[in-house]
Amino acid sequence: MKDMNKDLVKKSCTECGGKLEYRLISQGFERGGIKVRLGGIKAYVCSTCKEIYFMPGGADKVAKAANALFELAKAERQHKGQLIAQIS
Ligand SMILES: [Zn+2]
């Protein structure tokens with residue numbers, strides 16, 4: 001899970017050189033027994049090693065969105081459930 005490098009013009013994976021495919025992905029996060037999931041995130045995924053590349057600055061936004069969901073889960077005491085945010 002990393003930001004796409006602005007110099008990454010060939011759309012190949014920096015880890016293995018594999019082909020990157022544009023996808024809408026979902027990412028799950030768990031912290032202290034609370035599970036949250038973000039869906040519909042635009043990203044490029046390596047077809048070989050499955051490394052995820054977000055748009056520049058995207059990884060930071062995803063982390064902030066996950067943090068917001070954790071805060072909501074704590075506030076509503078939904079410790080045993082799973083909060084899901086779908087971006088459309
Ligand atoms: Zn790869």
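Reading confidence, exposure and core

Trainee: What is the mean pLDDT of the chain as a whole?

Mentor: The chain has a mean pLDDT of 84, and 85% of its residues reach 70 or more. Where pLDDT is low, the predicted coordinates should not be read in detail.

Trainee: Why is Leu-24 called exposed?

Mentor: Leu-24 has 11 other C-beta atoms within 10 Å. A residue is exposed if that count is 12 or fewer, so Leu-24 is exposed.

Trainee: Where is Leu-24 found, and which residues is Leu-24 in contact with, leaving aside those within four places in sequence?

Mentor: Leu-24 is found in strand β2. With those neighbours left aside, its contacts are Gly-40, Ile-41 and Lys-42. Its C-alpha atom is also separated by 6.2 Å from that of Ala-43, a residue 19 places away along the chain.

Trainee: What makes up the largest nonpolar core?

Mentor: That core has 14 residues, and Leu-20, Ala-43, Tyr-53, Val-62 and Ala-66 have the most contacts inside it. At least two residues each come from β3 (34-46), β4 (52-54) and α1 (58-75). The most come from β3, which gives 6 residues.

Conventions
Residues numbered from 1 in each chain as written. Predicted model: local features only at pLDDT ≥ 70, side-chain atom pairs only at ≥ 80, totals over all residues. Core = buried A, V, L, I, M, F, W, Y, C linked by C-beta atoms within 7 Å. Buried ≥ 20, exposed ≤ 12 C-beta atoms within 10 Å, placed from the backbone. pLDDT = per-residue confidence, 0-100. Contact = placed C-beta atoms within 7 Å.
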